[in-house]
Structures are given as C-alpha cells and as structure tokens.
Amino acid sequence: METLIRILEDIQPDIDYTTCTNLIDGHYLDSLSILSLVSEIEDEFDITIPTVEIIPENFNSAQQLMLMINRLKEV
C-alpha cells in the first residue's frame, strides 16, 4: 500500500489518500492523471490493467486500487 500511496502522491500530492473514497467521483483525478496512474501501477506492480478494469469503482480510493492490483497479480 505504501508504494501505491507514493505513486498517487507523485501524481496528485494534495489529497489524503488514506481517507479519500471519491478520487474519481469527486474529480480529484482527471483523465490524464488516471492514465499516468495506470502506467505507473503497471510498471511498479508488473501487471496489466485491462480497459474494463478502469472504472470508478476500482479507482475511487487507494484501498479499492490495492484490491484491484492484488486481484490482477493473482491472474
């Protein structure tokens, strides 16, 4: 989780990622930030995030992102 928080803070530093649960719905992350985030996560965690996984439910919080990452690592 620490690695993910670091990636998120590099992209958008002004958010408390430990408590924020509406990163997408609250418009904290825009489309360019999401593209950067996907790229960084794929590189850091050695996974591929399919397009069908790039939905608000997976990207609204660091916790949801981590669940998605762990699920994709198992595949």
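**Note on salt bridges, core and overall fold**

1. Asp 10 and Arg 6 form a salt bridge whose closest N and O atoms are 4.0 Å apart; the term denotes a side-chain nitrogen of Lys or Arg within 4 Å of a carboxyl oxygen of Asp or Glu. This is a predicted model, in which local features need pLDDT of at least 70 and side-chain atom pairs count only at pLDDT 80 or more, whereas totals for chains, interfaces and linings use all residues. Residues are numbered from 1 along each chain as its sequence is written, and side-chain values use heavy atoms, with hydrogens and water left out.

2. Both partners, Asp 10 and Arg 6, belong to helix H1 and are separated by four residues, about one turn of the helix. Helices (H or I, at least four residues) and strands (E, at least two) are DSSP runs numbered from the N terminus. Asp 10 is exposed, its relative accessible area being 59%, while Arg 6 is partly exposed at 40%. Here buried stands for under 20% relative accessible area, exposed for over 50%, and partly exposed for values in between (1.4 Å probe, protein chains only).

3. Arg 6 has a further salt bridge, with Glu 44, in which the closest N and O atoms are 3.6 Å apart. Arg 6 is in helix H1 and Glu 44 in helix H2, so this pair ties together parts 38 residues apart in sequence. Glu 44 is partly exposed, with 41% relative accessibility.

4. Between Glu 53 and Arg 71 there is a salt bridge with its closest N and O atoms 2.4 Å apart. This pair links distant parts of the chain, 18 residues apart: Glu 53 sits in the loop between H2 and helix H3 (56–59), and Arg 71 in helix H4. Glu 53 counts as buried at 16% relative accessibility, whereas Arg 71 counts as partly exposed at 36%. Across the whole structure, the search finds three salt bridges.

5. The largest nonpolar core comprises 24 residues, and those with the most contacts inside it are Leu 4, Tyr 17, Leu 37, Ile 41, Phe 45, Phe 59 and Leu 65. Two or more residues of this core come from each of helix H1 (2–11), helix H2 (31–45) and helix H4 (62–74); H4 supplies the largest share, six residues. Such a core is a set of buried Ala, Val, Leu, Ile, Met, Phe, Trp, Tyr and Cys residues joined through side-chain atoms within 4.5 Å.

6. Which residues does Leu 37 contact, leaving aside its neighbours within four places in sequence? They are Ile 7, Leu 8, Ile 11, Leu 29, Phe 59 and Leu 65, where contact means heavy atoms within 4.5 Å. In the chain, residues 24 or more positions apart account for 55% of the contacts with a separation of 6 or more.

7. The chain has four helices and zero strands, in the order α-α-α-α from the N terminus. Its radius of gyration (over C-alpha atoms) is 11 Å, close to the 11 Å that the globule rule gives for 75 residues, so the chain is as compact as a globular protein of that length. That rule is 2.2 Å times the number of residues to the power 0.38. The C-alpha trace spans about 30 × 25 × 20 Å along its principal axes.

8. Of the 75 residues, 39% count as buried. The chain exposes about 4600 Å², of which carbon and sulfur atoms supply 49%; accessible areas come from the Shrake-Rupley method with a 1.4 Å probe, and for residues only the protein chains shown count as cover.
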